[in-house]
Amino acid sequence: MSVACVFCQIVRGAEPASVVWEDELTMAFLDRRQFHPGHTLVIPRQHLCDVRELDHKTGPRSWTRLHASRAPSPWRFRTKG
Ligand SMILES: [Zn+2]
């Protein structure tokens, strides 16, 4: 965990976020900038500097969350991109 990393601050609850999903390995929340309505970020709960640092459990779980975020759900927005 990094003190300066905004993602780590969100994971710790020190920085507010509109969380749409979380489990023991991953977290998904709405991007503050909303480049497209409903733009959601999926992050690992552990601090990483490079995607190659993803372990064998967190990597697949992140991908599963990305895929699941495409399915209809109560928090989903209509997106154009
Ligand atoms: Zn971090």
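## Starting from valine 42

Valine 42 sits in strand 3. This is a predicted model, so treat every position and distance here as computed. Is valine 42 buried or partly exposed? It has 19 C-beta neighbours inside 10 Å, so it counts as partly exposed; the cut-off for buried is 20 or more.

Leaving aside residues up to four places away in sequence, valine 42 touches Thr26, Ala28, Ser62, Arg65, Leu66 and Ser69. One of these, arginine 65, is 23 residues away in sequence, yet the two C-alpha atoms are 7.1 Å apart in space. Across the sheet, valine 42 in strand 3 stands opposite alanine 28.

## The overall layout

Let's step back to the whole chain. The protein chain has 81 residues, and 12% of them count as buried. Its secondary structure comes to two helices and three strands, and from the N terminus on the elements run α-β-β-β-α.

What share of the contacts with a separation of 6 or more comes from residues 24 or more positions apart? For this protein chain, that share is 40%.

The three strands make an open sheet in the order 1-2-3, with antiparallel pairing. Strand 1 (19-22) and strand 3 (40-44) are at the edges; each has a single partner strand, so one side of each has no neighbour in the sheet. On average, neighbouring strands are turned by 15° against each other, ignoring direction.

How do the strands connect? Strand 1 and strand 2 run antiparallel and are joined by three bridges, and a hairpin of three residues links the two. Among the facing pairs, glutamate 22 stands opposite methionine 27 of strand 2, while tryptophan 21 has alanine 28 of strand 2 as its bridge partner.

Not counting residues up to four places away in sequence, alanine 28 touches Val20, Trp21, Thr40, Leu41, Val42, Arg65 and Ser69.

Alanine 28 also belongs to the largest nonpolar core, which has five residues: Phe7, Val11, Met27, Ala28 and Ile43. Which elements each supply at least two residues of this core? They are helix 1 (6-12) and strand 2 (26-30).

Arginine 45 lies in the loop between strand 3 and helix 2. With 18 C-beta neighbours inside 10 Å, it counts as partly exposed. Apart from residues up to four places away in sequence, arginine 45 touches Val11, Leu25, Thr26 and Met27. Two of these names, Val11 and Met27, are also on the list for the largest nonpolar core.

## Glutamine 34 in its loop

Glutamine 34 is in the loop between strand 2 and strand 3. Glutamine 34 counts as exposed because it has 11 C-beta neighbours inside 10 Å.

## How confident is the prediction?

The mean pLDDT of the protein chain is 85, and 83% of the residues reach 70 or more. Where is confidence lowest, and where is it highest? It is lowest in helix 2 (residues 58-68), with a mean of 86, and highest in helix 1, at 95.

Definitions and conventions:
Residues are numbered from 1 along each chain as its sequence is written. This is a predicted model: local features need pLDDT of at least 70, side-chain atom pairs count only at pLDDT 80 or more; totals for chains, interfaces and linings use all residues. A nonpolar core is a set of buried Ala, Val, Leu, Ile, Met, Phe, Trp, Tyr and Cys residues joined through C-beta atoms within 7 Å. Helices (H or I, at least four residues) and strands (E, at least two) are DSSP runs, numbered from the N terminus. Two residues are in contact if their C-beta atoms, placed from the backbone, lie within 7 Å. Two strands pair if DSSP finds at least two bridges between them. Axes are lines fitted to C-alpha atoms, for helices over the stretch in contact, and angles run from 0 to 180 degrees between N-to-C directions. pLDDT is the predictor's confidence in each residue, from 0 to 100.
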